[in-house]
Amino acid sequence: MIDDLGNNMKGTDEILNLPIPLTVAIMPFMPTTKRDAELAHKNGHEVIVHMPMEPQRGKKSWLGPGAITSDLSDEEVRQRVLDAFTDVPHAVGMNNHMGSKITEDERIMKIVLEICQENGILIAKPQAKVL
């Protein structure tokens with residue numbers, strides 16, 4: 001899995017043109033979100049939303065637009081998740097960007113998981129791999 005696409009980062013085209021199957025996690029509402037998702041899909045890669053979520057530590061400015069934060073109402077959380085999937089074409093799942101505070105918040109995660117269940121959305125569990 002490759003995270004953090006959508007921000008016009010150097011090397012993105014090279015990654016998306018690799019001749020191996022990849023899952024690419026693309027941040028919503030970024031400068032190249034749609035472009036990166038379209039190229040990934042065209043090249044046969046699986047696309048998921050890299051959902052920005054508030055961390056225990058770190059700067060909110062690192063989250064990017066449309067982040068899920070602990071001060072949001074239930075409806076705002078719901079709408080941000082739905083908007084993120086609308087913004088990332090071909091997304092079939094999601095994982096979190098940062099997010100340690102939110103993934104520990106039962107109220108918010110219940111909403112996120114309900115949306116995923118209602119829409120058949122895959123939740124990607126991060127796994128460390130030593131190469």
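## The sheet

Strands β1 and β2 run parallel and are joined by two bridges, where strands are DSSP runs of E with at least two residues, helices are DSSP runs of H or I with at least four residues, and both are numbered from the N terminus. This is a predicted model, in which local features need pLDDT of at least 70 and side-chain atom pairs count only at pLDDT 80 or more, while totals for chains, interfaces and linings use all residues. Residues are numbered from 1 along each chain as its sequence is written, and side-chain values use heavy atoms, with hydrogens and water left out.

The five strands form an open sheet in the order β1-β2-β3-β4-β5, with parallel pairing, two strands being counted as paired if DSSP finds at least two bridges between them. Its edge strands, each pairing on one side only, are β1 (2-5) and β5 (122-123). Strand β4 (residues 91-98) runs parallel to β5 and is joined to β5 by two bridges, with Gly-93 standing opposite Leu-122 in β5.

Neighbours within four places in sequence left aside, Thr-23 is in contact with Met-1, Ile-2, Glu-46 and Ile-48, a contact being heavy atoms within 4.5 Å.

The side chain of Thr-23 also makes a polar contact of 2.7 Å with the side chain of Glu-46. A polar contact is a pair of N or O atoms within 3.5 Å; within protein, one atom must be able to donate a hydrogen and the other to accept it, and residues adjacent in sequence count only if both atoms are side-chain atoms. Ile-48, one of the residues in contact with Thr-23, has its place in strand β3 and is buried, with a relative accessible area of 0%.

## Helices against the sheet

Helix α2 (residues 33-42) lies across β1, β2 and β3 (46-53), and runs at about 170° to β2. Helix α3 (residues 74-87) packs on the sheet, where it touches β3 and β4, and its direction makes about 145° with that of β3. For such angles, axes are lines fitted to C-alpha atoms, for helices over the stretch in contact, and the angles run from 0 to 180 degrees between N-to-C directions.

Within α2, the residues Thr-33, Asp-36, Ala-37, Leu-39 and Ala-40 are buried. Seen down the axis of α2, the buried residues fall within an arc of 165°, so they line one face of the helix; the arc is that of the directions from the helix axis to the C-beta atoms. An α-helix has 3.6 residues a turn, so residues three or four places apart point the same way. The cover over the buried residues of α2 includes β1, α1 (12-16), β2, β3 and α3. Just after α2, Gly-44 takes a positive phi of about 85°.

## Salt bridges between helices

The structure holds six salt bridges, each defined as a side-chain nitrogen of Lys or Arg within 4 Å of a carboxyl oxygen of Asp or Glu. One of them joins Asp-13 with Arg-35, whose closest N and O atoms are 2.4 Å apart. This pair links distant parts of the chain, with Asp-13 in helix α1 and Arg-35 in helix α2, 22 residues apart. Asp-13 counts as partly exposed at 31% relative accessibility, and Arg-35 is partly exposed with a relative accessible area of 41%. A network of salt bridges links Asp-13, Arg-35 and Asp-36.

Arg-107 forms a salt bridge with Asp-74, the closest N and O atoms being 2.5 Å apart. Because Arg-107 lies in helix α5 (residues 106-119) and Asp-74 in helix α3, the pair ties together parts that are 33 residues apart in sequence. Arg-107 is partly exposed with a relative accessible area of 33%, and Asp-74 counts as partly exposed at 42% relative accessibility. The side chains of Arg-78 and Glu-118 also meet in a salt bridge (2.7 Å, N to O), which links Arg-78 in helix α3 to Glu-118 in helix α5, 40 residues apart.

Notes
Buried means under 20% relative accessible area, exposed over 50%, partly exposed in between (1.4 Å probe, protein chains only).
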